[in-house]
Amino acid sequence: MNAPFAKMNGIGNAITVLDLRAGSRRLGADEARAIAADPRTAFDQLMVIEPARTAGTEAFMTIFNTDGSTSGACGNGTRCVALVLQRESGQSDFRLETSAGLLDVQAHGADAITVDMGTPRFGWADIPLSKSFDDTRAIELDFGPADAPILSAPSVVNVGNPHAIFWVDDPYAYDLGRIGPILEHHPLFPERANISLAAVTSDHAITLRVWERGAGLTLACGSAACAVAVAAARTGRTGRNVDVTLPGGVLNIQWRDDDHILMTGAAAFEHEGVISLGAPLTISVNPESVVLRA
Ligand SMILES: N[C@@H](CCC[C@H](N)C(=O)O)C(=O)O
């Protein structure tokens, strides 16, 4: 089966969008890992667009991480899918679905795409954690020497995927590439976790770095930006409308009074082509699709 793909990014988060709507084929984890391994289609997340499964939705999205694991949420990737659909149909409003639920998206051009990421869950079993905690605003989890931990008391949130947020003065003062995988695989997180280092710089501004579950250090993580924004508001560190500055750019997060989280940011095309899903799979890039970047 030949399937069109678009190599994109969501403020630097490497996204490949693969369109499998023209059939009933599903992608396997091994195939996802093979697509991740080719530089022409390498990704932090692979967004597979599949036929709609629920009335009133445009499509279902299966989300793969680089390691072939799947996730229920990918904010940056959802904006990329919306941009593909907007270019195709001229529509601006979409309702998409993932394994975590429904997502309403408004795409008004590549620079400002808003995704309703749904509502956060804070219960320890919803994160999920492997043991109960009454207060998930700050759980007992330290990293570093027992008598002088360098990270402690993270907030935990599920926004369709699990997140642990450590509050620090300077996210760039830590070797997150070494710390991240240790915490991602901590036994407290039975489904692993995305690990964030967040510095609150004002009532409406947060600086964030993320070690992503199944993908590693990335330039941006939309669901982590949502998680850190609601955790900051929930712990009284900020208001409910913040700009989150990641290494790849800025996302605006609004935690509405109805508990829905709105994420707004950009998405961009890089190049496009076709993946032939055989054994082995083959990839071809359309040279005319390459977006020349300044
Ligand atoms: N980069 C994505 C998050 C993708 C999934 C995450 N790594 C997980 O496994 O939960 C985003 O923009 O949200």
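These questions and answers go through the terms used for this predicted model.

User: What makes a residue count here, and how are residues numbered?
Analyst: Numbers run from 1 along each chain as its sequence is written. As the model is predicted, local features need pLDDT of at least 70, side-chain atom pairs count only at pLDDT 80 or more, and totals for chains, interfaces and linings use all residues.

User: How do you know what confidence the predictor has in the protein?
Analyst: pLDDT is the predictor's confidence in each residue, from 0 to 100. The protein averages 97, and 100% of the residues score at least 70. For the complex, the predictor gives an ipTM of 0.93 and a pTM of 0.97.

User: Why is Ile195 called buried?
Analyst: A residue is buried if 20 or more other C-beta atoms lie within 10 Å of its own, exposed if 12 or fewer, and partly exposed in between; C-beta atoms are placed from the backbone. Ile195 has 28 such neighbours, so it counts as buried.

User: Which residues is Ile195 in contact with, beyond its neighbours within four places in sequence?
Analyst: Contact means C-beta atoms, placed from the backbone, within 7 Å. Ile195 meets Ala164, Gly180, Leu183, Glu184 and Trp211. Ile195 itself lies in strand 13 (residues 194-202). Strands are DSSP runs (E, at least two residues), as helices are (H or I, at least four), numbered from the N terminus.

User: What makes up the largest nonpolar core?
Analyst: A nonpolar core is a set of buried Ala, Val, Leu, Ile, Met, Phe, Trp, Tyr and Cys residues joined through C-beta atoms within 7 Å. The largest has 81 residues. Val17, Met47, Ala225, Val228 and Ala229 have the most contacts inside it. Helix 4 gives the most to this core, with nine residues.

User: Why is the ligand said to lie between the domains?
Analyst: Domain bounds come from an automatic or database domain assignment. Domain 1 (2-118 + 267-289) and domain 2 (124-259) both give residues to the shell around the ligand, so the ligand lies between them. The domain centres, taken over C-alpha atoms, are 25 Å apart.

User: What makes up the shell around the ligand?
Analyst: The shell divides into four nonpolar, 13 polar and three charged residues. Here Ala, Val, Leu, Ile, Met, Phe, Trp, Tyr, Cys and Pro count as nonpolar, Asp, Glu, Lys and Arg as charged, and the others, Gly among them, as polar. Helix 2 gives the most, with three residues.

Technical notes: Two residues are in contact if their C-beta atoms, placed from the backbone, lie within 7 Å.
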